[in-house]
Amino acid sequence: MPMTVEQVLSELGITAVEERLYRFFLRNPNSGLDSDGITFDTDHDEVDRAFERLKELGLVRQHPDRGVVAMEPVVGIEKLIERRLQALNEELRRVSAVRKAIPLLLEDQQAGRRSPVSSDIERIEGLDEIRARLDDLAFFAHREVMAMQPDGPLSAAYIEAARPLDLRCLRRGVRMRTIVLDEAVADDRTEKYVQELVALGAHVRSVTHSMERMIIYDRSVAVVPIDPGNSARGALIIHQPSLVTSMIALFDRVWCDARPVEAAEAAPGADEHLRLVEKQILTVLSTSSKDEIAAREMGMSVRTFRRHVADLMTRLGASNRFQAALLAKDRGWL
């Protein structure tokens, strides 16, 4: 759905009344504020405020003899775009600077773990909480993720939740090793997802026998279910070095006995292929101003929507959502 002029200019902080007033003066050069043509559905005070705002933005000026002169759009709007991009870049620099606080916070965390009241094993319950912690652990992993997935064919919901995390890790250069069951890769949907990961550099092997469910991040943190028969009940986050080492040894033994899943031959232009849901998200990005509204339109949670957006921004090489929408249009994705 194409964006209206009002929607586009709102990205620059221009209100609906300001937009209508600016366009009026473009269509009616040398008119004044008292012109009969200004018949907006609002009071005079709001029109006056809109006019003062347009003057501040440099989109109009009051000429002593010629009335109100509107700045040419190619000049006025480009200046506003440049100002907006400078503000966004400055905001990105400020947000990126927050990373400097991470070492200090990590020191606090380590001090807490050394405390006698601290535990090396955390217990978390509830599917939403589990997914949130896995999201955090995957985001901060920087060397390797090792996983044993004892389920059969993966559900569409599972793939939908796991895919943004897996792709984010792979695109950051994190090594991924995953063990699945033979019956899982025999399923078309699961095989397609596994082949996508393998094509992007993941290492996947399969086994015939059952195994324990676990995920190990950077050989320092492991996640296992509280109840192996019902992983949605809760999970244990294990930081204890000796336990994590034992789990790594178990993973390596299973890995050595497993059979590699080979990458399928890539179809021409496969790296440019977009799934339908991603195209829908790019479209919603261009039309919705709030994540909550966009997620509701997509029929997914806000967290899942934001993971998709982060994945697409990485894929496009965009520094912000506005730029992502522009780059997607340039590539013909929209």
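Here is a short chat about how some labels on this predicted model were reached.

User: What are the ground rules here?

Analyst: The model is predicted, so local features need pLDDT of at least 70 and side-chain atom pairs count only at pLDDT 80 or more, while totals for chains, interfaces and linings use all residues. Residues are numbered from 1 along each chain as its sequence is written, and side-chain values use heavy atoms, with hydrogens and water left out.

User: Why is Leu285 called buried?

Analyst: Buried means under 20% relative accessible area (exposed is over 50%, partly exposed in between, with a 1.4 Å probe and protein chains only). Leu285 comes out at 16%, so Leu285 is buried. Leu285 sits in helix 11, residues 276-287; helices are DSSP runs of H or I with at least four residues, strands are E runs of at least two, and both are numbered from the N terminus.

User: What does Leu285 touch beyond its sequence neighbours?

Analyst: Contact means heavy atoms within 4.5 Å. Leaving aside neighbours within four places in sequence, Leu285 is in contact with Phe305, Val309 and Arg321.

User: What makes helix 2 and helix 3 roughly perpendicular?

Analyst: Helix 2 (residues 16-27) and helix 3 (residues 44-57) pack at about 75 degrees, with axes 9 Å apart. The axes are lines fitted to C-alpha atoms over the stretch in contact, and angles run from 0 to 180 degrees between N-to-C directions. Under 35 degrees counts as roughly parallel, over 145 as roughly antiparallel, 65 to 115 as roughly perpendicular, and the rest as oblique. Helix 2 and helix 3 are therefore roughly perpendicular.

User: Which residues of helix 2 meet helix 3?

Analyst: Val17, Glu18, Leu21, Tyr22 and Phe25 do, against Glu46, Val47, Ala50, Phe51, Arg53 and Leu54 in helix 3.

User: How do you know that strand 4 and strand 7 pair?

Analyst: Two strands pair if DSSP finds at least two bridges between them. Strand 4 (residues 144-148) and strand 7 (residues 214-217) have 4 bridges, in the antiparallel sense. Ala147 stands opposite Ile215 in strand 7.

User: What about strand 7 and strand 8?

Analyst: They pair over 3 bridges, again antiparallel, and Ile215 faces Val223 in strand 8. The two strands form a hairpin with 3 residues between them, and Asp218 in the turn has a positive phi of about 50 degrees.
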